[in-house]
Amino acid sequence: MRECGERSPEPLRVAVIIGSTREGRVGDGVGRWFTERARERTELELAVIDLIDFDFPARYPARTTGVVGEFAAQVDLADAFVVVTPEYNRSFPASLKQAIDFAYDEWQAKPVGFVSYGHGSQGLYAVEQLRSVFTELHTVTLRNGVAINLLDERWEEQDRAVQVLLDQLGWWGLALREARALRPYCS
């Protein structure tokens with residue numbers, strides 16, 4: 001049995017999902033900032049999934065399209081997720097909800113952490129709503145996250161929060177990956 005903090009021989013595959021597709025967004029900058037810090041962790045294999053790179057259909061298709069299948073495949077490959085989300089009108093963006101809904105089984109029994117941003121509330125209203133959505137998808141949402149106030153330019157003060165989030169994501173990611181290997185998750 002591994003000790004607390006002992007590394008798995010296989011890196012944990014973490015998908016960092018940038019949820020905003022709005023013109024003039026800061027989500028790509030927040031995502032890069034987070035990913036730079038996460039890349040310092042050698043036990044993680046990071047993949048950035050920027051929703052702006054997907055030309056999703058305007059309506060939910062009766063049959064899976066190529067782009068929807070590609071997104072679901074990337075979700076399926078990940079062991080864990082970090083969702084980078086803004087707060088728009090006390091919620092998360094429609095682009096993120098649409099993408100989340102294009103996968104289902106691929107999310108199950110995996111941990112989800114959050115990096116949120118906004119003015120004043122730091123995106124925390126968006127995170128609270130996302131917790132409900134991801135609970136319905138049978139994920140484990142992490143207690144701790146990273147919350148950035150865009151009015152405060154000192155993001156480096158969030159470095160400790162990043163490390164706590166990655167510690168929790170690593171533990172849950174490995175535990176759930178091992179559990180899925182022993183017994184497939186059924187909902």
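Which residues does Leu124 touch, not counting residues up to four places away in sequence? They are Glu87, Ser116 and Ala147, and the legends below start from there. This is a predicted model, in which local features need pLDDT of at least 70 and side-chain atom pairs count only at pLDDT 80 or more, while totals for chains, interfaces and linings use all residues. Residues are numbered from 1 along each chain as its sequence is written, and side-chain values use heavy atoms, with hydrogens and water left out.

**View A. Leu124 and Tyr125 sit in helix H4.** Helix H4 covers residues 124–136; helices (H or I, at least four residues) and strands (E, at least two) are DSSP runs, numbered from the N terminus. Leu124 is partly exposed, with a relative accessible area of 43%; the classes are buried under 20%, exposed over 50% and partly exposed in between, with a 1.4 Å probe and protein chains only. Leaving aside neighbours within four places in sequence, Tyr125 is in contact (heavy atoms within 4.5 Å) with Glu87 and Arg90. Arg90 belongs to the loop between strand E3 (80–86) and H3, and its phi is near 65°, a positive value in a residue other than glycine.

**View B. Ser116 is a buried residue of strand E4.** Its relative accessible area is 1%. Beyond residues up to four places away in sequence, Ser116 touches Thr85, Gln122, Gly123, Leu124, Val127, Val146, Ala147 and Ile148. One of these, Gln122, is found in the loop between E4 and H4. Gln122 is partly exposed, with a relative accessible area of 25%, and has a positive phi of about 60° although it is not a glycine.

**View C. Aromatic rings link up into a cluster.** Rings of Phe, Tyr and Trp (its six-membered ring) pair if their centres lie within 6.5 Å; planes under 30 degrees apart count as stacked, over 60 as edge-to-face and the rest as tilted. By this rule the count comes to 10 aromatic pairs. The rings of Tyr60 and Phe102 have centres 5.3 Å apart and planes at 35°, so this pair is tilted. Tyr60 lies in the loop between strand E2 (44–50) and helix H2 (66–77), and Phe102 in the loop between helix H3 (94–101) and strand E4 (111–118), so the pair ties together parts that are 42 residues apart in sequence. Tyr60 counts as exposed at 58% relative accessibility, whereas Phe102 counts as buried at 6%.

**View D. The charged end of Arg22 sits over the ring of Tyr88.** It is 3.7 Å from the ring centre. The rule asks for NZ of Lys or CZ of Arg within 6 Å of the ring centre and within 35 degrees of the ring normal.

**View E. Helices H1 and H5 meet.** The axes of H1 (residues 27–38) and H5 (residues 159–182) come within 10 Å and cross at roughly 65°; axes are lines fitted to C-alpha atoms, for helices over the stretch in contact, with angles from 0 to 180 degrees between N-to-C directions. Trp33, Phe34, Arg37 and Ala38 in H1 meet Asp159, Val162, Gln163, Leu165 and Leu166 in H5.
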